[in-house]
Amino acid sequence: MTKTPDSAVRSFIDRHEDAFLADLSDWLRIPSVSADPDRAGEVRRSAEWLADRLRATGFPVAEVWETDGLPAVFAEWPSGDEGAPTVLVYGHHDVQPAAREDGWDTDPFEPAVVGRRLYARGAADDKGQVFFHTLGVRAHLAATGRTAPAVNLKLLVEGEEESGSPNFAALVRREAERLAADVVIISDTGMWSETTPTVCTGMRGLADCQIDLYGPDSDIHSGSFGGAVPNPAAVAAELAAGLHDADRKVAVPGFYDGVVELTDEERALFARLPFDEEQWLRVAKSHGTRGEAGYTTLERVWARPTAEVNGVWGGYTGPGGKTIVPAEAHLKLSFRLVAGQEVEKVRESVAAWVSERVPEGIRYEIAFPGATRPCLTPLDHPALRSTVRAMERAFEQEVLFTREGGSGPAADLQDVLGAPVLFLGISVPSDGWHSINEKVELDLLRKGVETSAHLWEDLGENFRR
Ligand SMILES: [Zn+2]
């Protein structure tokens, strides 16, 4: 493959880094807090600022897209090359709330550079990680001598991610045609650590469930009736306890149907990450590990589906005793899903399992309020190979793989656009997402710019349509 020298990209970045950081700082000064209705105008200002900036970068199309909530930004830069793949980069321009009084050392909306760190709300999550692509694409053009990128480059930057993306799925469906892409790159994640660059290849899905159990018409006397009528609190406890078998596998029949198992290669690569379980437990604020037999902690949180009891309540919980058979009890459950599991199928399995276990005399309601699908890109996917090569050029070291145990709107893009999803982020765990003193490491931000520049070149060459 004909590859531009890495030095061409680096020297371009050297020349433009200061202006890039000044622009990013301007954006970070806009307090685009989506959770705060009083700042809806700031979220809009942030969208308009970004659209202007993207036009100035060279994107021929950069638009503010309205939703039923806060606006998103869409930009597009066609390659002009017939067989070029189309890449959609996803990020968000809204930020978590922040105030100096929360304990910040500096004003969260007045960016401060200390050493090689830039402190501000949104520095890592997610403005910094959206913005590195703007310098990345310019470095790509300068280094290759092209006038348009080697891929059809699209950007979708939403304005409600920190508020749960309530209008995102609808926006993606509405604009599916213009968003069409061969691969989606999510730039709203991190890597393992400063010294271990990684690419994330998937996220778990999520299905919520609530079960409401009703017994006697009111709390009744346990002396007069107890032992002869069903107790909804006991049934709630039986359901919670019955969710797992002795090996901590989910005991709901059919739950594991279709699960994409870890390959030996993935297990070996996970095992190479410098994982310190004690440190992980400190972060987890937990006092021990427990999970499905036969899997490591990382495998359990990244690659295995789970059932969790989020809450169980009912009956008397006040001081002293109260000898009753309670009238009702409730359970909130959630299931993390992995690739291959279908949300509908999981819901049916859980519903059938519950119906078999609730005894006569108890009426119940089961609801599945929300769900997010899982996503996973196989290690040998050509776009993933390009991403790894681009990152290895920037970092000058081997890149390993992670997955994300949480769930996010990425799955909406995967499902509606039918494109694989990759996660490219340069943030590190110490960046303080959603916390005080959020920052981005300037050296890593720069590596993000370099990776972006190399990635468009590599995809244009190796991921032809
Ligand atoms: Zn984010």
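A word on conventions before the details. The model is a predicted one, in which local features need pLDDT of at least 70 and side-chain atom pairs count only at pLDDT 80 or more, while totals for chains, interfaces and linings use all residues. Residues are numbered from 1 along each chain as its sequence is written.

The protein has 13 helices and 19 strands, where helices (H or I, at least four residues) and strands (E, at least two) are DSSP runs numbered from the N terminus. Its radius of gyration is 25 Å, which agrees with the value near 23 Å that a compact globule of 465 residues would have; that radius is taken over C-alpha atoms, and the globule rule is 2.2 Å times the number of residues to the power 0.38. Along the principal axes, the C-alpha atoms fill a box of roughly 85 × 50 × 45 Å. Of the 465 residues, 46% count as buried, meaning that 20 or more other C-beta atoms, placed from the backbone, lie within 10 Å of the residue's own, with 12 or fewer counting as exposed and anything in between as partly exposed.

Now to the loop residue. A35 is found between α1 (6–28) and α2 (40–57), and it counts as partly exposed because it has 14 C-beta neighbours inside 10 Å. Leaving aside neighbours within four places in sequence, A35 is in contact with P97, E162 and S163, a contact being two C-beta atoms, placed from the backbone, within 7 Å. The C-alpha atoms of A35 and Q96 are separated by 7.3 Å, although the two residues are 61 apart along the chain.

Next, a pair of helices. Helix α11 (residues 382–395) packs against helix α13 (residues 442–462) at an angle of about 140 degrees, with the axes 8 Å apart; axes here are lines fitted to C-alpha atoms over the stretch in contact, and angles run from 0 to 180 degrees between N-to-C directions. That angle makes α11 oblique to α13, since angles under 35 degrees count as roughly parallel, over 145 as roughly antiparallel, 65 to 115 as roughly perpendicular and the rest as oblique. Among the residues that meet are M391 and F395 in α11, and L455 and L459 in α13.

Finally, helix α12 (residues 410–417) is mostly covered, with six of its eight residues buried, including D412 and Q414. After α12 comes G418, whose phi is positive, near 65 degrees.
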